[in-house]
Amino acid sequence: WPEPAASPPWEAARDHLRDGLSGHAPLRAEARDAGQYRFASPFVALGDEAAQYADFALHSFTPGRPVLEALLALSARIHADFRFDPAATCIATPVAEVFAARRGVCQDFSHLMIACLRALGLAARYVSGYLLTEPPPGQPRLIGADASHAWVALWCPGLGWIDIDPTNDLQPGSGHITLAWGRDYGDVCPLRGVILGGGGHCVEVAVTVTPVEDDASARRGGRPRHAAGAPD
């Protein structure tokens, strides 16, 4: 991460894309690509609720504030104001309901943060991946381990994409494994399909993420590691 205080004012990041996409200023290829992440998408609606998201974000994005400082402040606010509750939502829960209920999971908090950033005219994308199951010694276990995880990336001129994890309120590091990114969950969902047949169906999924060197040492002489969900 670059030094947050040295990042440009958030309005400069907004105006850079706005003016470039409207034809008033030249844009480099990476900025043109980032432009698609400024707009509403299927899981991040920006209708009548957009003003509420903007007002929520503006508590952190005060006039002239460096964009990365503001991003950290917004992440901290979502982490403080919203409760992680796996039973509160499902894949189809709209952002507006999450915003009203103040609870959800990593997917919900990422969609909410993206909605806040896009409501201000910034480019934000949804990042899908996994977390290291067991943290390094002395560090807490992250919320979202043992399942797919989601976080957010903000585009900033001169810096590119900067990741932030509002569920854990931290800057992603080596313990975050990126699989894909898109406008929202719908672009990068890990499983999609149709089941045909009678009877009920129930799918249980567990994920274990370990460093490569640990896995190699286990094969050399330690306890064998099983694939996620495999019986012992």
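I start with the inside. The largest nonpolar core has 38 residues, and Phe 61 and Leu 117 touch the most other members. A nonpolar core here is a set of buried Ala, Val, Leu, Ile, Met, Phe, Trp, Tyr and Cys residues joined through side-chain atoms within 4.5 Å. Buried means under 20% relative accessible area, exposed means over 50%, and partly exposed is in between, with a 1.4 Å probe and protein chains only. Helix H6, residues 106-119, supplies the largest share of this core, eight residues. Helices (H or I, at least four residues) and strands (E, at least two) are DSSP runs, numbered from the N terminus.

A word on the source: this is a predicted model, in which local features need pLDDT of at least 70 and side-chain atom pairs count only at pLDDT 80 or more, while totals for chains, interfaces and linings use all residues. Residues are numbered from 1 along each chain as its sequence is written, and side-chain values use heavy atoms, with hydrogens and water left out.

Back to Phe 61. Leaving aside neighbours within four places in sequence, Phe 61 is in contact with Trp 10, Val 67, Ala 70, Leu 71, Leu 74, Leu 117, Leu 120 and Leu 122. Contact means heavy atoms within 4.5 Å. Another core, of six residues, lies apart from the largest one, and Leu 17, Ala 34, Tyr 37 and Ala 123 are among its members. In soluble globular proteins, nonpolar side chains tend to be buried together.

Not counting residues up to four places away in sequence, Ile 114 touches Val 44, Ala 124, Arg 125, Tyr 126, Val 152 and Arg 183. Tyr 126 is twelve residues from Ile 114 along the chain, and their C-alpha atoms are separated by 7.4 Å.

Now the chain as a whole. The protein chain has eight helices and six strands. Of its 232 residues, 41% count as buried. Among contacts with a separation of 6 or more, 64% are between residues 24 or more positions apart.

Four strands form an open sheet in the order S5-S4-S3-S6, with antiparallel pairing. Strands pair if DSSP finds at least two bridges between them. At the edges are strand S5 (160-164) and strand S6 (176-182), each pairing on one side only. Strand S3 (residues 124-131) and strand S4 (residues 149-156) run antiparallel and are joined by six bridges. Gly 129 stands opposite His 149 in S4.

Which strands does H6 lie across? H6 lies across S3, S4 and S5, at about 15° to S4. Helix H4 (residues 67-81) lies across S4 and S5, at about 25° to S5. For these angles, axes are lines fitted to C-alpha atoms, for helices over the stretch in contact, and the angles run from 0 to 180 degrees between N-to-C directions.

Last, the charged side chains. The whole structure has six salt bridges, each a side-chain nitrogen of Lys or Arg within 4 Å of a carboxyl oxygen of Asp or Glu. Asp 15 forms one with Arg 14, with the closest N and O atoms 2.8 Å apart, and one with Arg 18, at 3.2 Å. Arg 18 and Asp 15 both lie in helix H1 (residues 10-21), three residues apart, about one turn of the helix. Arg 18 has a relative accessible area of 40%, so it is partly exposed. Glu 69 and Arg 65 meet in a salt bridge at 3.8 Å, N to O. Shared partners join Arg 14, Asp 15 and Arg 18 into one network.
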